[in-house]
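Me: I would like to learn how to read a protein model. Could you take me through this one step by step?

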Amino acid sequence: MTRKQVLEGARVLKIPLSLQEQRLLQQLEDSNNENKISVRIFCDRFDTPESRERRMKQILEKMAIAIILKDIPWDLAYETFDKDNKGHITKGVKLFIINYLKK
């Protein structure tokens with residue numbers, strides 16, 4: 001994204017930035033010298049291991065509450081997640097959400 005897009009995004013989100021802060025944002029890595037900021041680098045600054053772990057805990061808590069409220073047997077929930085019978089949660093999470101939480 002261009003540096004102008006970054007500043008426009010901040011304006012749209014009503015994030016007040018001083019002139020100095022705007023200049024610092026414009027100095028984010030531009031490895032190709034194209035006057036653009038790498039979206040990956042920009043996002044990586046906000047997506048830390050701690051923030052990913054916090055989001056994962058929120059998702060798992062939401063799923064656990066849904067299992068309890070819908071009175072889904074734990075063994076059925078576990079079997080849904082552990083499709084390959086290796087004792088790990090697999091892509092069955094998506095199937096579980098589609099099949100049970102939307103009812």
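Reply: Happy to! Keep in mind that this is a predicted model, where local features need pLDDT of at least 70, side-chain atom pairs count only at pLDDT 80 or more, and totals for chains, interfaces and linings use all residues. Residues are numbered from 1 along each chain as its sequence is written, and side-chain values use heavy atoms, with hydrogens and water left out.

Me: How many helices and strands does the chain have?

Reply: Helices (H or I, at least four residues) and strands (E, at least two) are DSSP runs, numbered from the N terminus. This chain has six helices and zero strands, giving the pattern α-α-α-α-α-α along the sequence.

Me: How do I describe two packed helices?

Reply: Two packed helices are described by the angle between their axes and the distance between the axes. Axes are lines fitted to C-alpha atoms, for helices over the stretch in contact, and angles run from 0 to 180 degrees between N-to-C directions. Here, helix 4 (residues 49-69) and helix 5 (residues 74-81) have axes that come within 10 Å and cross at roughly 135 degrees. Helix 4 is therefore oblique to helix 5. For the labels, angles under 35 degrees count as roughly parallel, over 145 as roughly antiparallel, 65 to 115 as roughly perpendicular and the rest as oblique.

Me: Which residues of helix 4 and helix 5 make the contact?

Reply: Contact means heavy atoms within 4.5 Å. Helix 4 brings M63, A64, I67 and I68, and helix 5 brings W74, A77 and F81.

Me: And what about helix 1 and helix 2, at what angle do they pack?

Reply: Helix 1 (residues 3-12) packs against helix 2 (residues 19-26) at about 140 degrees, with the axes 9 Å apart. So helix 1 is oblique to helix 2 as well. In this pair, R3, V6 and L7 of helix 1 meet Q22, L25 and Q26 of helix 2.

Me: How much of the chain is buried?

Reply: Of its 103 residues, 17% count as buried.

How values were computed:
Buried < 20%, exposed > 50% of the residue type's maximum accessible area, 1.4 Å probe, protein only.
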